[in-house]
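Hi,

Here is the structure I promised to pass on.

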Amino acid sequence: MALTADDQATIWVNQVLVTKPLNNNIWNKAQNYEFPECLRVIAVAITNNGGPGGLLASFDNGVITDNSWRCSETVPLHQWTSFDFDDSVMPRATVYGGHSLISTISPKAFWIGTGNPNAPKMFCRLSLKIGKTVSERKH
């Protein structure tokens, strides 16, 4: 997976903290990660230090950031990174637009976030069906 955030991101995969903070305010350079084939939940807390912020990511197998993700300006609830969290309480991600500057991220991926692109904090999450692998959720 290649991922970037404007400006910083903390990432959890299958309830496990992967990294914090990501990118150190360099939004136009993606970080690359390998995730387990049986990916069930990815959760990303984004810190925006001013101006428009958001999340942009793609998996090698075609999973991308789009409006199938859920994003909120406030911490959704305790344990929002867990398997059991019902993310239907979070609004669908707002798609801000495409990109062309980051070659390691699929051109099909979109910058996403909350309804307020200038929000200082954003919490985005993607849940995959139990038993489905990342490769079974291609776009």
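Below is what turned up, starting with the overall picture and ending with the cysteines.

A word on ground rules: this is a predicted model, so local features need pLDDT of at least 70 and side-chain atom pairs count only at pLDDT 80 or more, while totals for chains, interfaces and linings use all residues. Residues are numbered from 1 along each chain as its sequence is written, and side-chain values use heavy atoms, with hydrogens and water left out.

The protein chain has 10 strands and 0 helices, going by DSSP runs numbered from the N terminus (strands are E, at least two residues; helices are H or I, at least four). Of its 139 residues, 50% are buried, where buried means under 20% relative accessible area, exposed over 50% and partly exposed in between (1.4 Å probe, protein chains only). Take the contacts (heavy atoms within 4.5 Å) between residues at least 6 apart in sequence: 68% of them join residues at least 24 apart.

Now the cysteines. I found 1 disulfide, meaning a pair of cysteine sulfur atoms within 2.5 Å. C71 and C124 form the link, with 2.2 Å from S to S. C71 sits in strand β7 (residues 70-72) and C124 in strand β10 (residues 121-127), so the bond ties together parts 53 residues apart in sequence. The link is right-handed, at 115° about the S-S bond. C71 is buried at 2% relative accessibility, and C124 is buried too, at 0%. C38, on the other hand, is partly exposed at 42%.

Cheers
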